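Trainee: Could we go through this one together? I'd like to start with what the words mean.
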Amino acid sequence: MPLYMDIHKNVTDTIPEDVAAAHHQDVETQGAFGVKYLRWWFNRDAGSIYCLVDAPNAESAMEVHKQSHGLMPDEIIPVESGDVEDFIGPDQLGPALQEQPPGSISTDSVFRTVVFTDLEGSTNMTQRLGDEAALELLQRHDELMSSCVDEHSGRRVKHTGDGLMASFVSVAKAVQCMIDMQRALVRHNESEPSEVLRARMGAAAGEPVSHHDDLFGATVQLAARLCDYGTPGQILVPSVVRDLCIGKTFKFDSLGDVPMKGFEEPVRVYSVSWQ
C-alpha cells in the first residue's frame, strides 16, 4: 500500500503523552479501514506532529483519525519509504517503518540538515589523468568526505557523481563536518600537491514540506543550489543554519540576499569560515 505522512500543525498545547495516547487509539481503530499507522514524531518547538501511515489512500488514513480521536491533520502527503529512511535516518531511530509500541514516546523531529559537496573539475581530471587514475582520485575524495560524515554522526544519502549528499540530526555537527571536510582536502593537497582536490559545499535545514509531493524537497533543493552557487573551497548556508548555530564558535560571513532558482524570494546566504 502507499505511504503517507500526515502533518498536524500549531499543536503548542500538546504534550508527548497526548500524542502517544492518540496513536494508540489510531492503532485500535485502523484495522477496520485497512490502515496501519507506523510511527509518529513530535517537534515540541515547532508545535508539529508527523504521522507515518500505510494506507490504501489518504481518505482512509484521515478516517482513522476522525473515528479514533477526531484530531485531523492540516496536511497529508504521499511519500516514498526511501524519503523517510534517507532523512529521518534508521541509524538514529531504528527501522523507519517499524511500528511504534502503543504508549511509547518519540520526541524526535524530522528536522534535518542536508549537505551537498561538489568536487571541482572532475571532467577535466578524467581527460587529464585517464579513467582509471581519475577514478582512484575520486575514490580518495569520497573516502575523505565519507569519513567526516561518519565522524559527525551523519548519514550518507547518496553519491552524486562529483560529490555526495548527506543528512544530519544536528545542525552544528553538519557545519563542523563541512569544515572538517575542507580541512581534510587541504591536508590531502599538502601531501599530494600534484593531485589537488577542491570542493564547494552547501547545506540547508528544514522539516518535511509538501513540494511537488516530495518530502523534504525544498530543503534538499536549497542545499544543492547553495552548493552550486559557491566556489571551490566555500561552504555556503542560509540564515536558518546560521541562526541555529548561535552559541557555537563558528564564524559566518554574510554574502547578502541571493536569488536562487526555484525560490520565489532571494535567500540570505552566509559563508562559513573554516581556514
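Mentor: Let us begin with one term: a residue is called buried when its relative accessible area is under 20%, and exposed when that area is over 50%. Please keep in mind that this is a predicted model.

Trainee: Okay, so is asparagine 189 buried or exposed?
Mentor: Asparagine 189 has a relative accessible area of 16%, and because the cut-off for buried is under 20%, this residue counts as buried. You will find asparagine 189 in helix H7.

Trainee: And what does the side chain of asparagine 189 reach?
Mentor: It reaches the backbone nitrogen of leucine 197, at 2.7 Å. If we leave aside neighbours within four places in sequence, the contacts of asparagine 189 are Glu195, Val196, Leu197 and Arg198.

Trainee: Switching to the largest nonpolar core, which residues touch the most other members?
Mentor: Those are Met181, Met201 and Val237, in a core of 36 residues. Several elements supply at least two residues each, including strand S5 (112-119), helix H6 (131-151) and strand S8 (199-206), while H7 gives the most, with ten residues.

Trainee: What is methionine 181 in contact with, leaving aside its neighbours within four places in sequence?
Mentor: Its contacts are Thr117, Met145, Cys148, Val149, Leu164 and Met201. Apart from this core lies another one, of 16 residues, with Phe116, Val220, Ala224 and Leu236 among them.

Trainee: Last topic, how many aromatic pairs does a search of the whole structure find?
Mentor: The search finds one, and it is formed by phenylalanine 250 and phenylalanine 252, which sit edge-to-face at 6.4 Å centre to centre with 80° between the planes. Phenylalanine 250 counts as buried at 17% relative accessibility, and phenylalanine 252 counts as buried at 17% as well.

Methods. Residues are numbered from 1 along each chain as its sequence is written. This is a predicted model: local features need pLDDT of at least 70, side-chain atom pairs count only at pLDDT 80 or more; totals for chains, interfaces and linings use all residues. Side-chain values use heavy atoms; hydrogens and water are left out. A nonpolar core is a set of buried Ala, Val, Leu, Ile, Met, Phe, Trp, Tyr and Cys residues joined through side-chain atoms within 4.5 Å. Buried means under 20% relative accessible area, exposed over 50%, partly exposed in between (1.4 Å probe, protein chains only). Helices (H or I, at least four residues) and strands (E, at least two) are DSSP runs, numbered from the N terminus. Contact means heavy atoms within 4.5 Å. Rings of Phe, Tyr and Trp (its six-membered ring) pair if their centres lie within 6.5 Å; planes under 30 degrees apart count as stacked, over 60 as edge-to-face and the rest as tilted. A polar contact is a pair of N or O atoms within 3.5 Å; within protein, one must be able to donate a hydrogen and the other to accept it, and residues adjacent in sequence count only if both atoms are side-chain atoms.
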